[in-house]
Amino acid sequence: MKKSKKKATFVEELKRNKSLFIMLIPGILVLLSNNYLPMPGVLLAFKDYNYTKGFFKSDWVGFDNFKYLFNSSQAYIITRNTILYNLAFIIISLTLALGLAIILNELRNKRLAKIYQSVFFLPYFLSWVVVSYLVYSLLSSDQGVFNNLLVHFNMKPINWYIEAKFWPAILVFVNTWKWTGYDSIIYLAAIVGIDKSLYEAAAIDGASRVKQIMYITIPSIMPVITILTLLKIGRIFYGDFGLFWNIPKNMGVLYNVTNVIDTYVYRALVQAGDIGMATASGLYQATVGFILVLAANFVVRRFNKENALM
Amino acid sequence: MKKNKITYQDVGKIGKTSNLLLNIIMILLALACIYPLLLVFGISITDEKTVTLEGYRLIPKVISFKAYDYVFTDAVDIFRAYGVTILVTLLGSIMSLIVISLYAYPLSRKDFKYKTFFTFIVFFTMLFNAGLVPWYMVYTNILHIKNTLFAMILPGLMTPLYVLIMRTFYVTTIPESIIEAAKVDGASEFRIFTQIVLPLSKPSLATIGLFNVLFYWNDWYSPLLFITDEKLYNLQYLLYRINQSITYITSQSNSLGNVSEILANIPSQTARMAMAIIAIGPIVLAYPFFQKYFVEGLTVGSIK
């Protein structure tokens with residue numbers, strides 16, 4: 001009874017706002033092909049996919065793909081790498097990018113500050129493929145700048161692309177190089193919006209500039225800092241595929257420290273052709289990621305309803 | 001009075017010494033930001049033999065533009081890839097603007113009953129996605145768009161965040177009264193949209209359009225997944241493939257007999273760097289002019 005009533009109103013609305021519905025159609029088609037048609041595909045995680053049998057006729061295997069994933073050492077390694085790298089990136093954004101934004105705001109010459117800001121923003125515009133060329137020109141074992149320097153100072157050149165111990169530092173450094181300018185712009189926009197009279201009042205009271213930063217600037221933009229950080233924590237289960245795929249050049253000896261969930265899924269799909277396993281790993285990521293995003297949002301809501309995603 | 005004001009400003013600023021110190025730090029950081037770019041440019045205008053002998057250097061000992069000669073005259077692949085990149089960027093950005101601006105509009109209308117539902121189905125894609133494999137299967141087995149330009153266009157057509165930004169823009173800047181008045185005058189929804197709403201939305205369209213251009217220009221991920229036909233390689237993916245074949249050679253150089261044959265098909269080191277510069281070039285030259293839009297989009301997007 002209730003349902004039929006609802007249907008009737010939907011038809012009414014469809015008639016009344018026909019044009020508005022037509023406007024939605026292209027978007028709905030895109031959403032379907034990019035997001036909603038793939039969703040039933042997660043069932044592949046519970047199947048032993050067979051190319052000739054296809055999606056519907058492949059055999060169900062229950063949780064075998066997940067068992068296989070979590071019994072291998074890989075599940076631990078990729079989860080650890082994904083989380084630890086993201087944690088490092090979050091901490092750097094909180095210190096370096098925030099510090100940079102504060103300094104840019106304090107510089108006496110605003111025009112210079114603008115120029116610095118533009119330069120720091122530049123790496124954001126480069127693709128990871130291009131960045132991998134830049135990194136290679138520094139790290140190449142024969143011609144690279146680093147090895148040239150080492151030889152110049154009579155030290156042994158290092159074969160960077162096969163020495164796993166350097167890679168955590170290299171990846172963190174490259175990611176910092178690419179994203180710090182971007183993050184600092186967001187912080188800077190918040191700082192610029194702070195009410196100037198607060199500083200004037202503090203100055204009259206004799207507060208030093210450092211004290212003003214500690215007691216006015218940082219507290220004033222705390223909501224922005226908290227929200228950005230929480231949103232990043234919500235995405236801690238997602239690795240940046242471009243970074244982890246392009247910069248280490250897919251070198252097998254480095255997998256232990258460069259493989260994240262996203263690169264693992266890609267390799268399982270393309271290199272091993274193991275559809276079931278690849279889907280299972282992807283679903284593991286999506287599920288935990290979903291819970292984390294919801295949790296982060298819940299916390300953001302408690303701070304500030306407007307800034308939560310929902 | 002005037003004097004008072006000056007002291008305010010002086011109190012409000014950091015001291016001259018710390019200003020100088022901070023400027024020095026900023027200059028060093030800025031150099032660290034552009035050094036790799038300058039280095040690759042330096043290599044690209046160095047004589048190939050000098051590079052092989054002396055390694056990569058910022059300032060070339062022997063300048064040569066042979067790499068660019070090669071890239072601009074001999075390398076058919078690069079021209080084609082450039083064409084693919086330009087075509088996909090143009091088509092993709094325009095289509096994306098159409099899809100997003102159309103979809104976001106009903107969501108902004110208070111009198112549209114199902115706006116919450118249609119907002120939610122966009123928003124939900126930010127929370128949960130099926131992952132790489134199901135998406136890949138849909139593109140290849142259901143839509144059958146593997147090895148078509150569309151496989152590089154479709155992924156960027158509707159970034160959920162841009163839909164939400166666009167909706168917020170409509171809600172906050174387009175007065176309801178204008179729409180009402182136009183309706184009373186008998187204008188159709190599409191006329192209202194194209195003649196009133198869109199012209200008022202130029203700033204927002206520019207910002208989203210520029211983010212789209214950047215996405216399509218830099219995209220190497222969709223070709224990685226969906227393009228195997230060399231004729232459809234875009235610039236970024238061509239750069240990626242060249243990198244891959246070099247890694248392959250260096251890791252197998254002892255066991256392979258046909259190394260020299262593969263090597264012959266790969267551009268020299270300087271030509272590779274020249275290609276990277278050509279891929280970056282338009283962006284680096286254009287971004288200072290458009291930076292303002294990016295900054296706006298970023299600050300709106302991050303804090304919504």
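Predicted model: local features only at pLDDT ≥ 70, side-chain atom pairs only at ≥ 80, totals over all residues.
A residue counts as buried when its relative accessible area is under 20%. Keep that cut-off at hand, because Thr229(A), at 14% relative accessibility, falls on the buried side of it.

**Confidence in chain B**
- Chain B has a mean pLDDT of 86, and 88% of its residues reach 70 or more.
- Residues 1–11 of chain B are a stretch to read with care, as the pLDDT there is below 50. Beyond near neighbours in sequence, this stretch has 4 contacts in the model.

**Make-up of chain B**
- The secondary structure of chain B consists of 16 helices and 0 strands.
- Of the 304 residues in chain B, 49% are buried.
- Among contacts in chain B with a separation of 6 or more, 71% are between residues 24 or more positions apart.
- Chain B has an accessible surface of about 15000 Å², and carbon and sulfur atoms account for 66% of that surface.

**A nonpolar patch with residues from chains A and B**
- On the surface, a nonpolar patch brings together Ile22(A), Ile25(A), Leu29(A), Leu32(A) and Leu37(A) with Ile142(B), Leu143(B) and Phe190(B). Together these residues have about 660 Å² of accessible area.
- Which helix gives the most to the nonpolar patch? That is helix H2 of chain A (residues 18–36), with 4 residues.
- From chain B, one of the patch members is Phe190(B), which sits in helix H11 (residues 189–200) of that chain.
- Phe190(B) counts as partly exposed because its relative accessibility is 34%, a value that lies between the 20% and 50% cut-offs.

**Thr229(A) and its surroundings**
- Thr229(A) belongs to helix H12 of chain A, which covers residues 222–234.
- Leaving aside residues up to four places away in sequence, Thr229(A) touches Ile90(A) and Leu94(A).
- Val300(A) is 71 residues from Thr229(A) along the chain, and their C-alpha atoms are separated by 9.8 Å.

**Domains of chain A**
- The domain assignment of chain A gives domain 1 as residues 1–34 and domain 2 as residues 64–307.
- Taken over C-alpha atoms, the centres of domain 1 and domain 2 of chain A are separated by 41 Å.

Key: Residues numbered from 1 in each chain as written. Chains lettered and ligands numbered in written order. Heavy atoms only, no water. pLDDT = per-residue confidence, 0-100. Contact = heavy atoms within 4.5 Å. Helix = DSSP H or I, 4+ residues; strand = E, 2+ residues; numbered from the N terminus. Buried < 20%, exposed > 50% of the residue type's maximum accessible area, 1.4 Å probe, protein only. Areas by Shrake-Rupley, 256 points an atom, 1.4 Å probe, with all protein chains shown as cover. Patch = residues over 30% accessible without salt bridge, like charges linked within 9 Å, V, L, I, M, F, W, Y side chains within 5 Å. Salt bridge = Lys/Arg side-chain N within 4 Å of Asp/Glu carboxyl O. Domains from an automatic or database assignment.
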